[in-house]
Amino acid sequence: MLSMFGLVGGLVLLIILTLRGWNLFISAPICALFVAITAQLPIFVGDMNFVESYMTGFSGFVASWFFMFLLGSIFGKFMEDTGAADSVAEWIITRLGKKQAVLAVVLACAILTYGGVSVFVVAFSVYPMALSLFKDANLPRRFIPAALAFGSVTFTMTSAGSPEIQNWIPIEYLGTSPYAAWEVSLVVAVIMFVLGYWWLTKMISHAVNKGESFESRVGDPTLDERSLPHPITGFLPLVVVLALSFFYHDSLGKMALIVALSGGVLALMAINWKFFKDMQEALGQATTGALIAIGNTAAVVGFGSVARVTPAFETAVAAMTSIPGNELVGAAIAVSVIAGLTGSASGGQAIALPEVGPHYLDQGVSPEQLHRVVSISSGALDSLPHNGYVVTTIRAICNEKHSDAYWAVGAVTVVVPVIGLAIAIALFNFF
């Protein structure tokens with residue numbers, strides 16, 4: 001009972017501290033320490049002590065995914081520095097019109113995310129354009145994080161064919177491909193997009209009707225007036241990423257993502273070389289962005305790693321995997337809860353799949369169906385306030401208060417994916 005109290009209390013404390021603006025590199029270890037103490041784990045010495053458990057999770061996640069984060073960040077920064085991202089965004093805006101500011105931001109994020117730019121760095125690339133669009137449309141800027149997150153971490157991140165790591169981690173454990181159960185994935189993605197976009201625009205309209213409007217701030221980034229490359233030069237590297245990930249996923253597994261992103265970076269350099277403003281500066285910013293993104297995520301994964309060695313966690317996993325009824329429901333609940341505990345879809349999968357993957361495969365669950373359910377479910381409760389991506393997007397990129405911006409983010413990145421997950425399970429069971 002004390003261990004369960006500590007596990008739940010540590011998670012609640014982490015969420016509260018995050019909403020109050022605490023840095024994850026401080027709050028996550030403190031909350032993990034609370035979990036360890038209540039579970040009576042040794043702190044410095046002994047088997048499964050707090051320090052080693054935390055740092056094993058932290059360093060293990062960095063070791064597994066550093067190159068993916070780094071290459072994704074470089075790809076995103078090169079798209080920004082060459083003007084390719086602005087060109088793609090401008091192409092979208094020209095066809096939609098500036099009054100469709102929210103839709104333009106969502107689609108720009110969706111195209112970049114599905115094209116291989118890491119979800120952790122898409123926001124860096126699209127934010128300047130989003131700020132300009134929201135300013136022109138006089139919309140409250142506190143909804144920019146929700147627009148960025150909705151286009152990045154919902155209907156694109158966990159869909160079939162996505163080169164994001166949240167769609168690739170299950171391959172290693174289930175022996176599937178990134179296109180697992182693509183038919184159901186397509187239906188769910190469309191439903192999630194329609195529902196999420198409707199809800200987001202409703203929330204913004206409600207705020208505008210109450211008198212909220214755009215407020216400029218000192219230090220806001222501005223879009224440079226310069227010659228931009230043709231939009232096709234922004235789309236071609238995205239095609240390269242998708243093509244390479246498709247051709248190499250069988251032979252290289254998750255390492256195909258390194259090949260795909262490397263190919264995208266090289267293609268972008270070859271096509272848009274003359275449009276670079278400062279490649280060295282872009283590389284420096286990309287490295288910093290990658291370290292911040294993977295560090296924020298790893299900090300919370302470390303919390304999850306400590307939680308994983310507690311008696312309460314073992315009890316919780318046993319209870320979730322023994323839920324009577326449909327196996328896909330049990331898998332979805334298990335992965336969702338673990339992703340919520342870790343505050344990370346990718347980190348949650350990395351912890352959950354070694355536990356739940358073999359369990360459900362042994363019960364005869366289709367690997368393709370399990371892959372898609374795991375992927376979608378990992379992108380639901382992961383987006384609680386302490387999620388590394390959420391913290392980075394709201395605070396570091398958009399410079400908003402967590403308490404002001406999170407609730408719209410939570411609506412479109414937690415509630416909408418949960419609904420999409422329920423629809424996916426229903427489709428798998430009835431068709």
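At what angle do helix α5 and helix α7 pack, and how far apart are their axes? Helix α5 (residues 101-114) and helix α7 (residues 144-153) pack at an angle of about 35°, with 7 Å between their axes. This is a predicted model, in which local features need pLDDT of at least 70 and side-chain atom pairs count only at pLDDT 80 or more, whereas totals for chains, interfaces and linings use all residues. Residues are numbered from 1 along each chain as its sequence is written, and side-chain values use heavy atoms, with hydrogens and water left out.

**Helix packing**

- The crossing of α5 and α7 is right-handed, a term for the near helix being turned clockwise from the far one by less than a right angle.
- Axes are lines fitted to C-alpha atoms, for helices over the stretch in contact, and angles run from 0 to 180 degrees between N-to-C directions; the helices themselves are DSSP runs (H or I, at least four residues) numbered from the N terminus.
- On the α5 side, Val105, Val106, Cys109, Ala110 and Thr113 meet Ala147, Leu148, Phe150, Gly151 and Ser152 of α7, where contact means heavy atoms within 4.5 Å.
- The residues of this contact of α5 with α7 comprise seven nonpolar, three polar and no charged, with Ala, Val, Leu, Ile, Met, Phe, Trp, Tyr, Cys and Pro counted as nonpolar, Asp, Glu, Lys and Arg as charged, and the others, Gly among them, as polar.

**Nonpolar core**

- The largest nonpolar core holds 138 residues, of which Val105, Val126, Phe134 and Leu148 touch the most other members; such a core is a set of buried Ala, Val, Leu, Ile, Met, Phe, Trp, Tyr and Cys residues joined through side-chain atoms within 4.5 Å.
- Leaving aside residues up to four places away in sequence, valine 105 touches Val126, Met129, Ala130, Leu133, Phe134, Ala147 and Leu148.

**Cysteines**

- Zero disulfides are found in a search of the whole structure, a disulfide being a pair of cysteine sulfur atoms within 2.5 Å.
- For cysteine 398, the closest cysteine sulfur is that of cysteine 109, which at 9.6 Å is too far for a bond.
- Cysteine 398 counts as buried because its relative accessibility is 1%, and cysteine 31 counts as buried at 0% (buried means under 20% relative accessible area, exposed over 50%, partly exposed in between, with a 1.4 Å probe and protein chains only).

**Positive phi in loops**

- Asparagine 138, in the loop between α6 (119-137) and α7, has a phi near 55°, a positive value in a residue other than glycine, and is partly exposed at 40% relative accessible area.
- Alanine 181, in the loop between α8 (165-174) and α9 (182-209), has a positive phi near 50° and is buried, with a relative accessible area of 11%.

Methods. Helices (H or I, at least four residues) and strands (E, at least two) are DSSP runs, numbered from the N terminus.
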